[in-house]
Amino acid sequence: MQELNFPKFSFRFKNSENKISIFDDIRKKFVILQPEEWVRQHCVHYLMQVKGYPKSLINVEKELIVNNLKKRYDIVIFNTNGSIHVIVECKAPKIKITQSTFDQIARYNLTLNASYLMVTNGLNHYYCQMDFEAEHYNFLKDIPNYNANCL
């Protein structure tokens, strides 16, 4: 797999029927290693090991309903009260991050109301803080570190 713009993390792999799988610590199972999954796993490890978010507050690959359509989010980090703190959209490294990528995560966030958004293809990472009153997002240099007092 391609080297990504994240710190080096150690992963568990297995090969079954000529398909390589990577262990997902959140879902507690091996999943087929696709380019987007490679980015998602790096991002999850980054959020836990670098930013300090507890595994118990992170959720991966769940369905949500947006405008009566079933969609799936890549990663969310919950606040301790059950509301959503961060939503992350992961793309494969070959996918360019464009305005339509931000439009996609913004549509999801109409339902989820996360305070922060992150979009990554593993090579480029973009972070935003929502300003719900002004109905726009402000770009940040990084996603905030975990702070139990703020969640």
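I looked up burial along helix 2 first. Its buried residues are Thr101, Phe102, Gln104, Ile105, Tyr108, Asn109 and Leu112. Viewed down the axis of helix 2, these buried residues fall within an arc of 155 degrees, so they line one face of the helix. I noted that the model is predicted. On the face of helix 2 turned away from the buried side, I found the exposed residues Gln99 and Leu110.

Next I checked the length. Helix 2 has 14 residues, which at 1.5 Å a residue should span 20 Å. Its end C-alpha atoms lie 19 Å apart, which agrees. Just after helix 2, I found Asn113 with a positive phi of about 55 degrees.

Then I turned to the largest pocket. I read its volume as about 150 Å³. Which residues line the largest pocket? I listed Ala106, Asn109, Leu110, Asn113, Met130, Asp131, Phe132, Glu135, His136 and Tyr137. Helix 2 gives the largest share of the lining, 3 residues. Strand 8 (125-131) and strand 9 (136-140) each supply at least two. By class, I recorded 5 nonpolar, 3 polar and 2 charged lining residues.

Strand 5 (residues 69-78) and strand 6 (residues 84-90) pair in the antiparallel sense, over 4 bridges. Phe78 has Ile84 in strand 6 as its bridge partner.

Conventions: Residues numbered from 1 in each chain as written. Predicted model: local features only at pLDDT ≥ 70, side-chain atom pairs only at ≥ 80, totals over all residues. Heavy atoms only, no water. 1 Å grid on protein atoms, 1.4 Å probe; cavity = no way out; pocket = protein on both sides within 12 Å on 5 of 7 lines; lining within 4 Å. Points joined across faces, edges and corners; volume = space filled by probe spheres on them. Nonpolar A, V, L, I, M, F, W, Y, C, P; charged D, E, K, R; others polar. Pairing = 2+ DSSP bridges. Expected span 1.5 Å × (residues − 1). Buried < 20%, exposed > 50% of the residue type's maximum accessible area, 1.4 Å probe, protein only. Arc of directions from axis to C-beta.
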